[in-house]
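Please look over the structure shown here before reading on. This briefing is meant for a reader who is new to it.

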Amino acid sequence: QITTLINYKDKPKRSDKTLQAIQRVGQAVNLAVARFVTVGETIANENHELKKEMSVACIEAKRAGETIAQLTDVAGLDNPESDSHITIFTDKTGVVKAARLLLSSVTKVLVLADRIVIKQIITSRNKVLAIMEQLEKVGSFQEFVQIFSQFGNEMVEFAHLTGDRQNDLKDEKKKARMAASRAVLEKCTMMLLTASKTCLRHPDCESARVNKDGVFHQMRLALEQVIEIVTDSRSDGENELASISIYSGIKEFKNTVEGLRENLYFLSKENLSTMLEVILEHTEDFTDSAYTSHEHREHILELSKQAKMELELLVSVWMQAQNQKTKDPMEDLEVAILKMCQCMNELKRELHSAATSLAADLLKYHRDHLVLKALKITGVEGNLEAIAEYTCKLSEQKEQLVEVCRLLRHVSGTEPLEITCIHAEDTFQVTGPQIISAAETLALHPSSKIAKENLEVFCEAWESQLSDMSMLLREINDVFEGRRGEKRVYLSLPRPGKHNANLKALKPVKLDTEEQAKIAKLGLELFLLTSDVDSETEKWEDQENKIVQHVQGMSSMAYSIYLFTRGEGLLKTTQDLFHQAEIFATEGTKLASAFHAFSDQLHDDGKPLLLLETEKLIPMCQQLQITAKASVQGKSATFTKADTCIQKTRNVMTLLCQLLPLCCRLLRKNKAGNGCLKPAPPWRENRVRTGTNAHYTERTAEMFGIKSLENHITNMTFLESE
C-alpha cells in the first residue's frame with residue numbers, strides 16, 4: 001500500500017474514483033498501523049526492560065500513520081492545489097518522509113518483539129538444562145519423581161515456544177532443522193525417563209549408565225541447535241550441512257549450461273568442466289556403495305562417461321560459436337545444450353532410482369522388526385551370547401540404513417528434505433548403540449521390569465524412525481515426479497517442461513514498457529480489491545471454512561496478477577498470466593459450489609440474495625476460463641487477451657467483495673449469538689497466536705509429544721510403587 005502511494009504519478013485530471021482509491025489506501029495504512037501499535041504498546045507494558053524503546057517506536061509509527069492519512073485525505077477536494085489543506089498532490093515529499101519513518105519504526109517494533117520471543121526461548125532452555133543437571137545427580141526414586149515432574153512442565157513450555165517459533169520461520173531450511181531438533185527432544189524426553197529409572201534401579205550397571213548418558217548428550221545437542229536456529233548463530237557443524245548434493249549440483253550445472261544461450265562469454269570452459277567433475281565425484285557415493293545393485297552401478301558409470309563426452313562436444317561447439325566459425329553456430333549450440341541437459345536428466349533419474357529402490361527394499365525387508373523382537377526375547381532370557389549375535393545384526397542394519405539416508409540426501413530434491421535425511425541418518429547412528437546398551441542391561445538383569453520397559457522405549461524409537469523414513473521416501477518421490485514441493489505463492493504456476501514436451505513450442509510473450517503502463521491502472525484496482533477481500537476473510541472466525549480457503553487462494557492469485565501488471569512477481573510472461581487466470585477461474589467455480597452448500601443450511605430472508613449473487617459468479621468464471629484458453633496470434637492480440645483476463649479477474653474480485661460480507665452476516669445471524677466476527681488476539685507474554693493457525697497448538701502438541709508427556713507426568717505415582 002505504501003509502495004502504491006509512493007509510485008503514484010500525478011496527472012492534471014483526477015477522477016473521483018482515483019481520489020477515493022488514494023484515500024482508501026491512506027486510511028487502510030493508518031488503520032493497520034493503529035492495530036499494530038496497540039499490540040506493540042501491550043508488549044511494552046509487559047516487558048519493562050524494553051518498554052522505553054518499544055514505546056518510542058510505537059509513537060513514531062502512530063505519528064507516521066496519521067500523517068499518511070492526513071496527506072491522502074483528498075476524496076472531497078474538487079481542486080486540491082487551490083485548497084489550503086496540504087495533500088499528497090501538494091506535498092509528495094511529505095508522504096515519502098512519513099513512509100520512511102513508518103517503515104523504520106515498524107521495523108524497530110518487530111525487532112524488539114522478536115528479541116523478547118528469543119529471550120523467552122533462551123530462558124526456557126536454561127530452565128530445562130538446569131533441571132536436567134539435577135536429574136543427572138538424583139539419588140532416589142522419590143526425588144526423581146519430584147524433579148522429573150518439574151522437568152516435564154518446563155519441556156511442555158519449551159515445546160510451545162519452539163513450536164510457535166518454527167511456525168513463524170520463513171526460511172524452509174531453518175524450519176526443517178527446527179523440526180528435526182524438536183523431534184529429537186520429543187523422543188528423548190520419554191527415553192530419559194526410562195533410562196534414568198533403569199540407572200536408579202541398577203546403579204552399578206555400566207551399560208545402564210552408558211544408555212542414560214547417551215540420552216542426556218542427545219538432548220543437550222538438540223537444545224543447543226534450537227538456540228542456534230533461534231539466534232541465527234553459525235556452528236562449525238553447519239558447514240557439513242552446506243555440502244552440495246548431486247541434485248543441487250546438477251540443477252546448478254544445467255542452469256549454467258542453459259545460460260550460454262544468452263551469453264557465450266560469461267564463464268570459462270574450465271569452470272564448466274570443474275562443475276561436472278564435482279557432480280561425478282559425488283556419484284562415487286553410489287558406485288562405491290556395497291548396497292548399490294550391479295545394474296544401477298553400471299548405468300551410473302555409463303551415464304557419467306556419456307556426460308563427459310557431451311561436455312566435450314558442447315565445449316567444442318561453444319568455442320566455434322565464440323569464433324563464428326560455423327554457418328549457424330547458435331543452432332548447433334542449441335542442439336549441444338539440449339543433449340547435455342538430457343544426459344544430466346538421465347543421470348539424475350538413474351541416481352534417484354538407485355537410491356529410492358534400495359530404500360524401498362530395505363524398509364520392506366525390515367518392516368517386521370525381527371531383530372528387535374529377538375533382542376527383547378533373548379534379553380528377558382538373559383542369553384548374553386544371543387544378545388551379542390543380534391546386536392551385530394542390528395549394527396549391520398544400522399549401517400545399511402545410514403548408507404541409504406546418505407544416498408537419499410543426494411536425490412532429496414529440496415533443502416528441507418535434505419535436512420530430514422541428515423536427521424534420519426543421525427537418529428539411526430545414535431539409536432542403534434542405545435538399543436544395544438539397553439538390551440545388554442536387560443540381559444544382565446532379566447527379571448527387571450524397568451530394564452524391559454527401557455528396551456521397549458528405545459525399540460519404539462527405532463520403529464518410529466523407520467516409519468518416518470517411509471514417509472520421507474514418499475515425499476522424495478513426490479518432489480521428483482513434480483507432485484509437490486512448491487510453496488503456496490506459486491499456486492498454479494506451470495513447471496518448465498511439464499506442459500511442453502515439444503522443444504519447438506512457441507516462446508511466451510513478455511509485455512513491453514508501454515503495454516505494462518497501460519495495464520498498471522487496472523492492476524492498482526485489482527490490488528485494492530485484494531486488500532478488501534483479505535480484510536473480509538480476516539473477519540471470519542473459522543479460518544478452516546471452505547469458503548475462506550477458496551477465497552484466500554483466489555486473492556493470492558489475484559495479487560500475483562497485480563504484481564504481473566507491475567512487471568514483478570512470479571508471473572513473468574503472458575503465458576504464465578493466462579495459466580494463472582485459468583486456475584483462478586477454476587477456483588471460482590469451486591467457490592460457487594461452496595456458497596451453494598452454505599446456502600442450503602440457511603433459513604433466512606437473505607438466502608435468495610446470496611443465491612442471486614452466487615449465480616453471477618459461475619458465468620463470470622466461465623467467461624474468464626474461455627478467454628484464458630482462447631488461442632491468439634500476434635503481439636496486439638496477445639496484449640488484448642491479457643488486458644481482458646485482468647479485467648475479468650477484477651470483476652470476479654469485485655463480486656467477492658459483495659458476497660463475503662453478506663455471507664458472514666448470514667452466518668452470524670444463524671449462529672444465534674455465537675458470533676462469527678473474530679476478536680483481535682491479545683498479546684500474551686508466553687504465547688503468540690495467529691488467527692489462521694487456531695489449531696496450531698493442538699498440532700504442535702501432538703507433534704512434540706506434549707499431550708503424551710503431560711499425561712505421563714500426571715501419572716508419575718507408578719514410580720514410587722516400582
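This is a predicted model: local features need pLDDT of at least 70, side-chain atom pairs count only at pLDDT 80 or more; totals for chains, interfaces and linings use all residues.

Residues are numbered from 1 along each chain as its sequence is written, and side-chain values use heavy atoms, with hydrogens and water left out.

**Salt bridges**
- Counting a salt bridge as a side-chain nitrogen of Lys or Arg within 4 Å of a carboxyl oxygen of Asp or Glu, the model has 21 salt bridges.
- One of them joins the side chains of Arg24 and Asp532 at 2.3 Å, N to O.
- Because Arg24 lies in helix 2 (residues 16-46) and Asp532 in helix 17 (residues 513-538), this pair ties together parts that are 508 residues apart in sequence; helices here are DSSP runs of H or I with at least four residues, numbered from the N terminus.
- Glu136 forms a salt bridge with Arg220, with the closest N and O atoms 2.5 Å apart.
- Glu136 is in helix 4 and Arg220 in helix 7 (residues 206-231), so this pair ties together parts that are 84 residues apart in sequence.
- Salt bridges that share partners also join Glu206, Arg209 and Asp213 into one network.

- The 32 residues of helix 16 (residues 449-480) should span 46 Å at 1.5 Å a residue, which agrees with the 47 Å between its end C-alpha atoms; the expected span is 1.5 Å times one less than the number of residues.
- Just after helix 16, Gly482 takes a positive phi of about 80°.

Definitions and conventions
Helices (H or I, at least four residues) and strands (E, at least two) are DSSP runs, numbered from the N terminus.
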